[in-house]
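Welcome! Take a moment to look over the structure below, and then we will walk through it together.

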Amino acid sequence: MSIGSATWALLLSFGVTSILLPFVWVILRRRKVLDVPNDRSSHTLPTPRGAGIAQLGGLCVGLFGSGLPTLVLFGIAGFSVIGAFDDWRSTSAKYRLMGQVSLAAVLMIVAMSLNVLVMTYVLAAAGVITLVLLVNVCNFMDGINGISAIHGVVFGITYFAIFSTIPAHGWASLGLALIGISVAFFPWNFRIRAQMFLGDSGSYLLGGATGFLVIGAWVVGVNPIVALVPISIYFCDVSATLFRRLVNGENLIHAHRDHTYQHLVLGDGHIVGQGSLLAG
Amino acid sequence: MSAVCGILAVAAANNLVTIPLLVVCVLLLCSIYLGFPKLLHAFSRHHTSP
């Protein structure tokens, strides 16, 4: 990886996302693609959701010519588009899950058949599970202002640092592009009253990108445990919450405010972004 | 918390931390994270009580 192309990935993804975000904000408001608060929401006013589409634009431009397999970019875009469908016209959880599993399976089969990613059957199966799990984990965790943007930066820096020490075509650029699109979203979301939410298009994009970073690390020979460590807090929060709700006999797919990061902002005297900063 | 996990992962990728030690540290960090809300509420109660 040359320093020049990596720097371009960072700057272009940041610049293009920053330019696209105001346009996306206007379109979402005009088309009334709003997240209307209910008693389980952490916000109080209807807020446009779907900023992930601007991030997808930034990611595609930033990674153009970076050496990252095109299939990876198609995969991330595919997950983001599935999320965008839900932002614009709410779809049932069953259909979304079917779409995620089908997309992940097709991506791994194509990657293996065309030798885009050199992997065994076991690794390909692990790849499908990782992609689907991470897309949903990132979606569950996207519940307070700033948490996804902060984690986009943290995941990006971590995987960039891991990939920059080994010859890995374009993977380090994906880490940097993730930093760029996340930083560009900060001014819109990391404040007391968010101007815009990522929506499923953004949380699916974060999950897809992080999932591919994990798979990429496995493919280039990074220890499987080491590749999973950066996302352990996300997995820990989601699995502990699901376990708690299962034990209490609650419906697992109903909306709730039981995540640890949500409890971090419910108490009195919290500062802006306290939960996001502690988790990040 | 995720940033600390990230630093540990990078250290392990560069063979500065062994895998067993990495696993122990991550489990410890996850336990601290899950215990944070109780800690914050206890701290908040302590400072708001007359």
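## How the helices and chains meet

In chain A, helix α6 (residues 147-163) packs against helix α7 (residues 171-189) at an angle of about 160 degrees, and their axes are 8 Å apart. That angle makes α6(A) roughly antiparallel to α7(A). Their crossing is left-handed. Please keep in mind that you are looking at a predicted model.

Which residues bring α6(A) and α7(A) together? From α6(A) come A:A149, A:I150, A:G152, A:V153, A:F155, A:G156, A:I157, A:F160 and A:F163. On the side of α7(A), the partners are A:W171, A:A172, A:G175, A:L176, A:L178, A:I179, A:S182, A:V183, A:F185 and A:F186. Sorted by class, the residues in this contact of α6(A) with α7(A) are 15 nonpolar and four polar, with no charged ones.

Now turn to another pair in chain A, helix α5 (residues 121-141) and helix α8 (residues 199-219), whose axes come within 7 Å and cross at roughly 150 degrees. This makes α5(A) roughly antiparallel to α8(A). The crossing of α5(A) and α8(A) is right-handed. Their contact has 13 nonpolar, eight polar and one charged residues.

Helix α8(A) also packs with α6(A), at an angle of about 15 degrees and with the axes 11 Å apart. These two helices are therefore roughly parallel to each other. The crossing of α6(A) and α8(A) is left-handed. Here A:S148, A:G152, A:F155, A:Y159 and A:F163 of α6(A) meet A:L206, A:T210, A:L213, A:V214, A:G216 and A:A217 of α8(A). This contact of α6(A) with α8(A) divides into seven nonpolar and four polar residues, and no charged ones.

| Helix pair | Angle | Axes |
|---|---|---|
| α6(A) and α7(A) | about 160 degrees | 8 Å apart |
| α5(A) and α8(A) | roughly 150 degrees | within 7 Å |
| α6(A) and α8(A) | about 15 degrees | 11 Å apart |

Next, let us see where the chains meet. In this interface, 23 residues of chain B are in contact with 27 residues of chain A. About 2100 Å² is buried between chain B and chain A, and carbon and sulfur atoms give 77% of that area. Three residues, B:S2, B:Y33 and B:L34, supply 28% of the area that chain B buries against chain A, more than any other three residues.

How many salt bridges are there between chain B and chain A? The count is zero. A search of the whole structure, over all chains, does find three salt bridges. In one salt bridge, the side chains of A:R49 and A:D87 meet at 4.0 Å, N to O. A:R49 lies in the loop between β2 (47-48) and α2 (52-62) of chain A, while A:D87 is in helix α3 (residues 70-88) of chain A, so the pair ties together parts that are 38 residues apart in sequence. Side chains of opposite charge can pair when their charged atoms come close.

Key: Residues are numbered from 1 along each chain as its sequence is written. Chains are lettered from A and ligands numbered from 1 in the order in which they are written. This is a predicted model: local features need pLDDT of at least 70, side-chain atom pairs count only at pLDDT 80 or more; totals for chains, interfaces and linings use all residues. Side-chain values use heavy atoms; hydrogens and water are left out. Axes are lines fitted to C-alpha atoms, for helices over the stretch in contact, and angles run from 0 to 180 degrees between N-to-C directions. Helices (H or I, at least four residues) and strands (E, at least two) are DSSP runs, numbered from the N terminus. Angles under 35 degrees count as roughly parallel, over 145 as roughly antiparallel, 65 to 115 as roughly perpendicular and the rest as oblique. A crossing is left-handed if the near helix is turned anticlockwise from the far one by less than a right angle, and right-handed if clockwise. Contact means heavy atoms within 4.5 Å. Ala, Val, Leu, Ile, Met, Phe, Trp, Tyr, Cys and Pro count as nonpolar, Asp, Glu, Lys and Arg as charged, and the others, Gly among them, as polar. Buried area is the accessible area (1.4 Å probe) that two parts lose on being put together, summed over both.
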